[in-house]
2 protein chains.
Amino acid sequence: MSLNQKITIAVDVMSGDKGSDELLPAVISVATHNENLTLIVVGQEEKLKAKLSDHPLFKEGRIQIQNATQVVEMDEQPQSALKNKKDSSMRVAINLVKNGQAAASVSAGNTGALMATARFVLKTMPGIDRPAICTVLPSLKSKYKHVHMLDLGANVDEEPKHLQQFAIMGSLLASAMDKNPSPKVALLNIGSEAIKGNSLIRESAKLLQQTDLNYIGFVEGDGIFFDDVDVVVCDGFSGNVALKTLEGSCKLIAEYLKRSYKKNIFTKMAALISKPVLNSLKAEVDPRNYNGASLLGLRGIVVKSHGNADRVSFENAINIAVKLAEQDVVGQIEKQFSVEDGITSDSEQI
Amino acid sequence: MSLNQKITIAVDVMSGDKGSDELLPAVISVATHNENLTLIVVGQEEKLKAKLSDHPLFKEGRIQIQNATQVVEMDEQPQSALKNKKDSSMRVAINLVKNGQAAASVSAGNTGALMATARFVLKTMPGIDRPAICTVLPSLKSKYKHVHMLDLGANVDEEPKHLQQFAIMGSLLASAMDKNPSPKVALLNIGSEAIKGNSLIRESAKLLQQTDLNYIGFVEGDGIFFDDVDVVVCDGFSGNVALKTLEGSCKLIAEYLKRSYKKNIFTKMAALISKPVLNSLKAEVDPRNYNGASLLGLRGIVVKSHGNADRVSFENAINIAVKLAEQDVVGQIEKQFSVEDGITSDSEQI
């Protein structure tokens, strides 16, 4: 990735399961590959200085340190993080976005606390009731080889207007990130006929038909990967169920494959010979290549990395933040919703 | 499978994508392996007679033919099937259960029409508001190597009392089918802490805590396969999303694997050598081995096979019907709900 503009990203290197030893190399790698990029690593200053002070990128000022004395625990409740961790690496990184010192922030901290903190510090955009979590999943049919799916669990008990807002944000994100002029937007449903689905989906479909979006109808769970669609919109509960089921299925098959190859001396030989194939498969379905979920609908960019992200995985999340900043996705959403505002209210009155 | 009692099963061999040429061999195989079993195949008599009349099992009377002149199409609306297909193979098979001529029925017809017909003909059991679809999915942690999951899409917009009923039915099914004295029952959720989840799940959890079930709390999407749980309870929308996402994930990985092995001459050789391993993997995650979903909550047993079931797959569905009949799962649910009725009403008044 090479940038045409100078961009600064704030990176919380203290949250997550692995800690700064695993996350700092990701920061260094991203900075090495992008000359126009400055990365502010947020965490305990002394500790980080000891690791970075001799690095040429630190001396150059392209990796900087911002002190934060606290860390939000992976099982910490959002309310506790908000109340007791005002100097956490997570919060300080988001503060840098709020203050305009960074164009985006990245954290591998726990989703609930990150969403609550981001919402509290940055606030929701005008015209958007609820922020949503959006990530990229593999697709065999989309021209762009992936789909953007939201919401993945920031919300529960949504109303149709929320799904409409998710659809608009997701479509703008797909446009910006993939240079896709007209992203195909679908609703996640349990049947492809219009009469199927729960009341939320049926009502949401009516709203989406009234928008300017390229709304193509419903997809089912398997359609995420096999239908020609670029954005899949769903409520946070179903979206999270789908995401976790996908993760579980991949782990399940990996486990079965491992067992099958370990059965006897012949299968062990086959495993050896198949290693390059299996490695290429692993790379293709590697969740690390899909790491980095965008928190959309806030007045600033926040990217959530998987909690147990390693350096490869975390690097991917930082690169997503860079792309979102470069394409000014937040600005585009804001612009759309300042226009949209009238339309949404009108359609609600009908 | 060898039975201790004489059982008769009605099998709709006309519905589904593949037709009777694929489904009849499954019937013959099941009958061959079970001396105490009689199978009534339902469909166009002349056509079936031409295929079966020379078969020793037909001459013995262990495979019988019941005429049905119509077939419900795979994309036919439930209402149309109910109104216009009164002599369909699907309906006639269920009629045999209602009349006591068969202990259970099996069909590969479309889910909506099958559920509507079963509900119309057999009626829902007293104490049960809505029937549910339950199937078995692979598990690495459950002692029984699989979990029973319900509802998978018979219902949308459920209330907590419906999930409570699903939990009781699922637990009884798991007890009967696995000889599991105390099935571990969990609710599908998007976080393992009690505060998470939508309002339906939070309220359902409170109801389940009041039952005698071995209720162990929440599982997430990946927990279906990796948590120590025997019954996963969910609303039909989430359940169907999870099931279809699982199917899609497996197809996705199979597709990637195929591509990886086809890359060049070395990978093609590796594929050849790995064939036994891949076949054993295929057998383990083969959806055909998990084919056969039970429609629970009706006054009779109806098993739904996947529409594109082949003979192996359809045989599995018939065997599930046999097991449900042998263990009298319907009788057990009925008994439980006649006791439960008072309790449920009481707890609702609280």
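Predicted model: local features only at pLDDT ≥ 70, side-chain atom pairs only at ≥ 80, totals over all residues.
Colleague: How many residues of chain B are in contact with chain A?
Modeller: Contact here asks for heavy atoms within 4.5 Å. On the side of chain A, 56 residues take part. The number for chain B is 56 residues.

Colleague: How much area do chain B and chain A bury between them?
Modeller: The figure is the accessible area that two parts lose on being put together, summed over both. Of this area, 70% is on carbon and sulfur atoms. The area buried between chain B and chain A is about 5,000 Å².

Colleague: Which residues in chain B lose the most area to chain A?
Modeller: Three residues of chain B are named here, and together they make up 15% of what that side buries. They are B:I190, B:F237 and B:Y256.

Colleague: Which side chain of chain B meets A:E220 in a salt bridge?
Modeller: Side chains of opposite charge can pair when their charged atoms come close. Between chain B and chain A the count is 2 salt bridges, and 6 residue pairs are in polar contact. In the salt bridge of A:E220 the distance is 2.5 Å, N to O, and the partner is B:K244.

Colleague: Which element gives the largest share of the side of chain B that touches chain A?
Modeller: The elements that give two or more residues to this side are helix 8 (199-209), helix 9 (223-226), helix 10 (236-261) and helix 11 of chain B. The largest share is 21 residues, and its source is helix 10 of chain B.

Colleague: What is the area of the nonpolar surface patch made by A:M269, A:L272, A:I273, B:M269, B:L272 and B:I273?
Modeller: Helix 11 (265-285) of chain A and helix 11 (265-285) of chain B each supply at least two residues of this patch. One of the patch residues is B:M269, which has its place in helix 11 of chain B. The area of the patch is about 610 Å².

Colleague: Is B:M269 buried or partly exposed?
Modeller: A residue is buried under 20% relative accessible area and exposed over 50%. B:M269 has 47% relative accessibility, so B:M269 is partly exposed.

Colleague: What is the N to O distance in the salt bridge of B:D228 and B:K184?
Modeller: B:D228 lies in the loop between helix 9 and strand 9 (231-233) of chain B and B:K184 in strand 7 (residues 184-188) of chain B, so the pair ties together parts 44 residues apart in sequence. B:D228 is partly exposed at 35% relative accessible area, and B:K184 is partly exposed at 28%. Their side chains meet at a distance, N to O, of 3.1 Å.

Colleague: Which residue forms a salt bridge with B:K161?
Modeller: A salt bridge needs a nitrogen within 4 Å of a carboxyl oxygen, and here the closest N and O atoms are 3.8 Å apart. B:K161 is in helix 7 (residues 160-178) of chain B, and its partner is in the loop between helix 6 (111-122) and strand 5 (132-138) of chain B, 32 residues apart. That partner is B:D129.

Colleague: How far apart in space are B:M74 and B:G16?
Modeller: B:M74 is in the loop between strand 3 (63-67) and helix 4 (78-84) of chain B. Among the residues that B:M74 touches are B:G16, B:D17 and B:G307. B:M74 and B:G16 are 58 residues apart in sequence, but their C-alpha to C-alpha distance is 6.6 Å.

Colleague: Is B:T38 buried or exposed?
Modeller: B:T38 is found in strand 2 (residues 37-43) of chain B. Its contacts, leaving aside neighbours within four places in sequence, include B:I7, B:I9 and B:R62. The relative accessible area of B:T38 is 17%, under the 20% cut-off, so B:T38 is buried.

Methods: Residues numbered from 1 in each chain as written. Chains lettered and ligands numbered in written order. Heavy atoms only, no water. Helix = DSSP H or I, 4+ residues; strand = E, 2+ residues; numbered from the N terminus. Patch = residues over 30% accessible without salt bridge, like charges linked within 9 Å, V, L, I, M, F, W, Y side chains within 5 Å. Areas by Shrake-Rupley, 256 points an atom, 1.4 Å probe, with all protein chains shown as cover. Buried < 20%, exposed > 50% of the residue type's maximum accessible area, 1.4 Å probe, protein only. Buried area = accessible area lost by both parts, 1.4 Å probe. Polar contact = N/O pair within 3.5 Å; in protein donor to acceptor, adjacent residues only side chain to side chain.
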